[in-house]
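Subject: Structure for your review

Dear colleague,

Please find below the structure that I am handing over to you. My notes on the ligand site and on one pair of strands follow it.

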Amino acid sequence: MGQPTAVRAPGAWPVLGRAPALMRRPLRFLTSLPELGPLVQLRLGPLSAYIVTTPELTRQVLVTGAQDFERGRFSRKLTRTLGAGLATTSGQQHRTQRRMLQPAFSRTAVAACAEPMRSAAESVLSEWTPGRVIDINKAMDAYASDVVARSLFGSQVAAPAAVEFRHSLPGLLRDMVNRTLLPEWWAGLPTPGNRRAARDLARVDAAAHAAITAYRAADRGAGDLLSLLVAARDEDGTGLSDTQVRDQMVTFTLAGVETTGATLAWFFHELAHHPEVERRVLDEIDAVLGGRAPALDDLPALTETTHALLECTRLYASWIQMRRATRPVVLDGVELPAGTEVIYSPYLLHHDPRWFPAPEAFDPDRWNADRAGVIPNGAYVAFSAGVHKCIGESFAFLEAVTFAVMACQRWRLRPVPGAPVRPVATGVVHPKGLVMSVTPR
Ligand code: HEM
């Protein structure tokens with residue numbers, strides 16, 4: 001008998017392998033894989049990769065066997081945009097950065113962000129008027145982008161950079177996804193998309209460098225992430241270069257905007273389609289807060305609201321993440337050589353009926369204490385797990401709850417009839433076509 005091998009996903013194209021299927025219908029393709037087995041081999045262009053389809057194997061890659069993996073091909077492709085920031089580095093370089101950045105995401109630091117989050121929510125909500133029709137995903141991305149700018153790069157001197165980032169972000173995200181899935185030579189072609197991405201990147205770089213220069217000149221601690229980066233010193237007293245600071249700025253802006261923006265957009269979509277959940281959320285907000293805005297300490301009392309948001313992070317989770325084996329590893333009995341690219345997919349795991357019964361249903365009650373206990377460890381990984389677990393998780397929750405509550409206190413969002421909504425996988429899974437009208441409560 002030979003060595004065990006992984007099942008290959010059928011139907012690959014001669015040159016591009018499974019990349020076209022992944023790019024055309026990624027969500028359907030991914031959710032079809034678990035039936036092939038716990039470990040499935042895929043060909044993506046010239047690259048052979050393995051995808052893990054169970055919580056156990058996902059945990060092995062992210063947590064219990066994390067020492068055998070580094071970031072995969074994704075991060076090399078993303079480096080052009082993100083540089084060597086927290087979301088693209090591995091090993092010691094990543095640990096050093098994580099230690100340096102962690103204070104900006106401590107409980108106290110996140111609690112202090114409630115105020116800029118409220119101001120950002122207020123500035124969006126003050127523009128809503130009865131009957132107005134809103135592209136809610138766009139509005140929520142703008143809110144999330146404003147929150148990152150106000151709380152992480154809070155000084156006014158960074159305001160022009162925030163505007164530039166908001167303008168260029170969607171194109172850069174699209175470019176990053178394309179780069180990741182398509183062969184290297186594709187990214188080198190002078191296509192209109194590639195040329196646009198190069199222009200966006202140049203503008204983002206110039207804006208970031210201008211903000212850093214202004215922060216250094218201001219020479220005062222605004223107490224935000226950018227001040228922390230500008231003031232950071234390693235053991236021998238060396239500070240970060242402008243490029244290193246720029247890399248973190250772009251990383252946090254890209255990692256922190258579309259993710260929270262899409263979660264909030266889905267929240268309003270799901271509430272509008274589940275009136276009885278909406279009723280419970282509104283009653284809870286009124287009972288716990290009356291008319292006041294939430295603070296971090298209010299979150300434990302807002303279970304209906306947080307469970308509805310949590311359920312959105314499950315249903316519409318990140319669809320593809322990668323790691324690379326740094327030494328030979330055994331996954332599900334299959335020996336894989338060093339250098340093997342391994343994919344995990346929160347979306348795939350979250351839509352598997354073995355771990356989440358009726359996975360397509362929006363069911364916030366599955367997070368109630370009596371039911372959540374049966375979800376296997378490693379099955380819910382919306383924020384990942386292990387050394388690369390999202391540093392912004394509690395920040396994102398406070399940010400989402402702040403907007404959800406402040407909007408629900410004043411408005412109800414209703415779907416516009418005849419506007420079809422569908423989940424589309426870009427960097428995250430966002431609601432394409434979601435326009436909603438605003439009705440006073
Ligand atoms: C609903 C909102 C969010 C979701 C679902 C989410 C999800 C994730 C996931 C899945 C990862 C791990 C990626 C991997 O496996 O390599 C991650 C990492 C990361 N996230 Fe988030 N994220 C969210 C919000 C945020 C926010 C608001 C910020 C910052 C303000 C942020 C910053 C980061 C950073 C910097 C990393 C890299 C962490 C590291 O490798 O040490 N995220 N996020």
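Five elements each contribute at least two residues to the shell around the ligand: the helices α5 (91–101), α13 (242–256), α14 (258–273) and α19 (393–410), together with the strand β6 (321–325). Please bear in mind that this is a predicted model. The ligand is surrounded by 25 residues, of which Arg71, His94, Arg98, Tyr344 and Cys390 are the closest. Sorted by class, this shell comprises twelve nonpolar, nine polar and four charged residues.

The iron atom of the ligand has Cys390 as its only protein donor, through SG at 2.3 Å. Cys390 itself is located in the loop between α18 (369–372) and α19.

The side chain of His94 places an N or O atom 2.6 Å from a ligand oxygen. For the side chain of Arg323, the corresponding distance from an N or O atom to an oxygen atom of the ligand is 2.8 Å. Leu86 takes part through its backbone, with an N or O atom 3.4 Å from an oxygen atom of the ligand.

Turning to the strands, β11 (residues 422–425) and β12 (residues 429–432) are paired antiparallel, with four bridges between them.

With kind regards

Note on methods: Residues are numbered from 1 along each chain as its sequence is written. This is a predicted model: local features need pLDDT of at least 70, side-chain atom pairs count only at pLDDT 80 or more; totals for chains, interfaces and linings use all residues. Side-chain values use heavy atoms; hydrogens and water are left out. A residue is near a molecule or strand if one of its heavy atoms lies within 4 Å of it. A polar contact is a pair of N or O atoms within 3.5 Å; within protein, one must be able to donate a hydrogen and the other to accept it, and residues adjacent in sequence count only if both atoms are side-chain atoms. Ala, Val, Leu, Ile, Met, Phe, Trp, Tyr, Cys and Pro count as nonpolar, Asp, Glu, Lys and Arg as charged, and the others, Gly among them, as polar. Donors are N, O and S atoms within 2.8 Å of the metal (3.2 Å for Na, K and Ca); water is not among the atoms, so sites may look incomplete. Two strands pair if DSSP finds at least two bridges between them.
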